[in-house]
Amino acid sequence: MNQYIEPEVLKGTRDFLPLDMAKRDFVMKHITSVFRSFGYDSVQTPAIEYAKTILGKYGEDSDKLIYRFKDNGGRDIALRYDQTVPFARLVAANFQNLPIPFKRYQVGNVWRGDRPAKGRYREFCQCDIDIIGTKNLLAEAEIAKVVYSVLARLGFPKFVIKFNSRRFLNSVLSDLKIAEEKQVAVIRILDKFDRIGLEGVEIELNKILSKETISALRRIINLEGSNSEKINSFKKYDTAEILQFLQLTKSLEIPECNLQFTPSLARGLDYYTGITFEVFIPGADIGAVCAGGRYDNLCELFTSENLSGVGVAFGFDRIVIAMEQLGMLKKIRLSSRVLITYFEAATLPASLEVFNELTSEKISAEIYFEPAPLKKQLKYADKKGIPFVIFLGEEEIRKQQVKIKFMDTGKEKVIPRDQISIYLKCFYEQTEK
């Protein structure tokens, strides 16, 4: 008896079938087209890096999630945890040949040894944009504009771009007399707010802060109201960066209803220094679909050049899941629009002639690969969601006609052979809009 290997995938990873990929390709096409429309150019970095490049950039908790191993040559290497640190390395190695400021986008998989959950995988795809080589807040505002444009292009009816300032948050923690050596730990705990809730945050804060300090911090992270109302509540702090950011986003015509100043927002990665972002989709139970912010010193780990940057990573998998949850991908279909039947060797030349004509007219078509009964070929077309089936039997060939079956209604129509491309192209162009 044959001993088969069980066809399983590792927990936290996934296979994608053709319809899954059709949905992903549709979403990716729109995301990258927006990136390019803002002048971002594509780069790519290796999936594996020297471990020294990756480790120590994200914080102690995140370092534990890095896939690290020795290769056959004994080198200490790691799978990339995100695309920002490898990008900083790329810029440090190539900045003399790059236009500065440099704008890039990158699409690729990253790996984290996290506990799998809804929207949380060990291997997942990120779509990053970054601007490096400027400290001007206009860069943050443009990043927000790109985020807004991507989600609007994809058709999300509602979304909120939450933002805060790491500089502002540090000043709040200092004002609460939280020692500087504890501030990073507090920020990492606050970063868990959306996952473990206020009660969970307070339990962890109890380990390092007094009850009085936690109570004061709770009032800050629970603050509600409009952007201006919340900013007015923090007059004792320097809010100039936040006010300027809002003014620039207004000039870039981002509706303020899509922007939410969130004092509790604390991106947990160690390299953030200024404005930070997290983006949420109301009605989609998936967590943040996009996040990022300003990093002033990351490139200085690899070069003496002062190359401050800002960027965000779109959680591509979460965006697709959110769109599925909201019923936004129901109309996505597979590639083929036309199936040309093949009944016997005598009819094959005519079928191939139609096949060649349709594909040359850029109509996605395929021919059945072997002679088969009509029922079997229709079942194939139905499984693939092919909307049109062309019958080319001996009678149709003799009369210089083709018979088209509309799979959604079951209706059939006979048309002259020389009109097939024009006839189908009208339907094809309508379905592609």
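Phe-69 stands opposite Ile-77 in strand β4. The model is a predicted one.

| Strand | Partner | Sense | Bridges |
|---|---|---|---|
| β2 (residues 48-50) | β4 (residues 76-79) | antiparallel | three |
| β3 (residues 68-70) | β4 | antiparallel | three |

**Helix α9.** Which residues of α9 (residues 211-221) are buried? They are Thr-213, Ile-214, Ala-216, Leu-217, Ile-220 and Ile-221. Viewed down the helix axis, these buried residues fall within an arc of 160°, so they line one face of α9. An α-helix has 3.6 residues a turn, so residues three or four places apart point the same way. The face turned away from the buried side carries the exposed residues Lys-211, Glu-212 and Arg-219. The cover over the buried residues of α9 includes α6 (166-175), α7 (180-190) and α8 (193-205).

**Cores.** The largest nonpolar core has 76 residues, and Phe-35 and Phe-314 touch the most other members. Helix α5 (residues 137-154) supplies the largest share of this core, nine residues. Leaving aside neighbours within four places in sequence, Phe-35 is in contact with Tyr-40, Tyr-105, Cys-127, Asp-128, Ile-129, Val-146, Val-150 and Phe-314. A second, separate core has 22 residues, among them Tyr-58, Tyr-272, Tyr-295 and Leu-307.

How values were computed
Residues numbered from 1 in each chain as written. Predicted model: local features only at pLDDT ≥ 70, side-chain atom pairs only at ≥ 80, totals over all residues. Heavy atoms only, no water. Buried < 20%, exposed > 50% of the residue type's maximum accessible area, 1.4 Å probe, protein only. Helix = DSSP H or I, 4+ residues; strand = E, 2+ residues; numbered from the N terminus. Arc of directions from axis to C-beta. Contact = heavy atoms within 4.5 Å. Pairing = 2+ DSSP bridges. Core = buried A, V, L, I, M, F, W, Y, C linked by side-chain atoms within 4.5 Å.
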